[in-house]
Amino acid sequence: MSSPPISELTDRAREIFRLVVESYIETGQPVGSKTLASDGTLNLSSASIRSVLAELEQGGLLAAPHTSAGRLPTETGLRLFVDGMMRVAEPTPEERAQIETRLAGPGPIEQALEKTSTMLSDLTGAAGMVMVPRREERLAQFSMVPLGQGRALAVLVSEDGSVENRVVELGLSAAPSSLEQASNYVTSRLAGRTLGEAASLIAREIKAGKSQLDSASSDLVERGLAVWSEDAARRPVLIVRGQANLLDDDAMNDIERVRSLIDDLENKQSVAELLESAREAEATRIFIGSENRLFALSGSSVIASPYRDREGRVVGVLGVIGPTRLNYARVVPMVDLTARSLGKLIG
């Protein structure tokens with residue numbers, strides 16, 4: 001059953017729905033008609049409120065966990081609330097100052113990222129997550145050294161002098177001359193380029209037959225660069241802090257959900273892939289419960305925002321994860337502000 005859009009709800013239904021969601025976010029408990037009636041805000045009888053709650057439940061926006069209990073917002077209801085009704089609470093001057101002060105301390109960028117993850121956790125009461133910027137180093141030299149038994153060592157040297165190695169499974173008995181030709185060819189195209197830029201250029205030249213390489217050397221080049229590309233693709237660096245915040249009193253009543261969430265967070269590759277999906281977003285993204293496959297079982301929400309350098313390029317993603325009753329109105333602008341502050345720091 002599809003839920004009605006905000007515009008189709010009556011003013012009365014919209015106000016009751018808003019009160020239910022805000023109460024749930026604050027307390028984590030179902031909200032009943034008597035509680036809403038006693039509040040005095042609505043000036044309606046319990047029977048009238050009960051009727052509206054039933055309509056909202058029928059529309060898929062609320063659910064009753066037990067027959068005699070009040071209602072909770074469904075994931076569909078939370079999405080409707082976040083997209084169409086949420087009143088964003090901008091960070092206070094004190095919170096802004098705290099974010100900028102805690103990020104502005106001396107130290108390497110890795111330390112600033114650690115601080116960011118911890119700070120997000122402290123400020124939001126959830127777990128903070130930060131993806132480390134990808135390092136697109138300019139490269140200077142590439143060489144392949146035979147190791148015997150159909151293997152070679154691919155060595156990549158950056159302009160700053162750093163060196164990284166990969167073992168390449170050749171699958172053939174490569175002649176030393178082919179290894180040398182492949183090394184010289186790649187090095188001649190690396191100067192001043194990132195690996196991605198050089199790999200794209202080399203692939204185009206090989207495909208167009210402009211590489212001046214024999215077939216054996218072409219195969220070595222493609223194998224060597226494929227290993228580097230594959231390794232880079234599976235090396236996202238993710239910093240997660242504040243997992244203990246997920247173990248509140250409400251969570252302990254649903255220990256299986258918490259165990260599922262902790263297991264999900266241990267799978268940093270999958271969490272990094274989720275954050276990557278927010279990389280191209282123009283604004284902060286919100287994933288509620290089963291909207292994201294990774295956290296479908298734990299019923300958790302993720303709020304993520306890309307952070308950019310001074311030239312506007314996205315260099316990473318940060319965010320928080322917590323229960324679906326996160327205080328979205330407060331956390332969303334907090335994550336957004338942190339992303340902008342971190343971007344200024346990175347430069």
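This is a predicted model: local features need pLDDT of at least 70, side-chain atom pairs count only at pLDDT 80 or more; totals for chains, interfaces and linings use all residues.
**Entry 1: Arg 18**

Next I checked where Arg 18 sits. I found it in helix α1, which covers residues 11-27. Then I looked for partners of its side chain. A polar contact of 2.7 Å links the side chain of Arg 18 with that of Glu 22. I also listed what Arg 18 touches, leaving out residues up to four places away in sequence. The list reads Phe 81, Met 85 and Arg 87.

**Entry 2: Asn 43**

I located Asn 43 in the loop between α2 (33-39) and α3 (46-58). I then read its backbone angle. Phi of Asn 43 is near 55°, which is positive although the residue is not a glycine.

I followed β5 (residues 151-158) into β6 (residues 163-169) and found that the two run antiparallel. I noted 7 bridges between them. For one example, I picked Leu 153, whose bridge partner in β6 is Val 167.

**Entry 3: the five-stranded sheet**

I wanted the strand order of the open sheet of 5 strands. I wrote it down as β7-β3-β10-β9-β8, with antiparallel pairing. Which strands are at the edges? They are β7 (238-241) and β8 (285-288), and each pairs on one side only. On average, neighbouring strands here are turned by 15° against each other, direction ignored.

I then looked inside the sheet. Strand β9 (residues 300-308) and strand β10 (residues 314-323) are joined by 9 bridges and run antiparallel. One of the residues I traced was Tyr 307, whose bridge partner in β10 is Gly 316.

**Entry 4: helices on the sheet**

Last, I looked at helices against this sheet. Helix α13 (residues 328-346) packs on the sheet and touches β8, β9 and β10. Its direction makes about 30° with that of β9. Helix α12 (residues 268-276) lies across β3 (127-131), β7, β8, β9 and β10. I recorded an angle of about 75° between α12 and β3.

Note on methods. Residues are numbered from 1 along each chain as its sequence is written. Side-chain values use heavy atoms; hydrogens and water are left out. Two strands pair if DSSP finds at least two bridges between them. Helices (H or I, at least four residues) and strands (E, at least two) are DSSP runs, numbered from the N terminus. Axes are lines fitted to C-alpha atoms, for helices over the stretch in contact, and angles run from 0 to 180 degrees between N-to-C directions. Contact means heavy atoms within 4.5 Å. A polar contact is a pair of N or O atoms within 3.5 Å; within protein, one must be able to donate a hydrogen and the other to accept it, and residues adjacent in sequence count only if both atoms are side-chain atoms.
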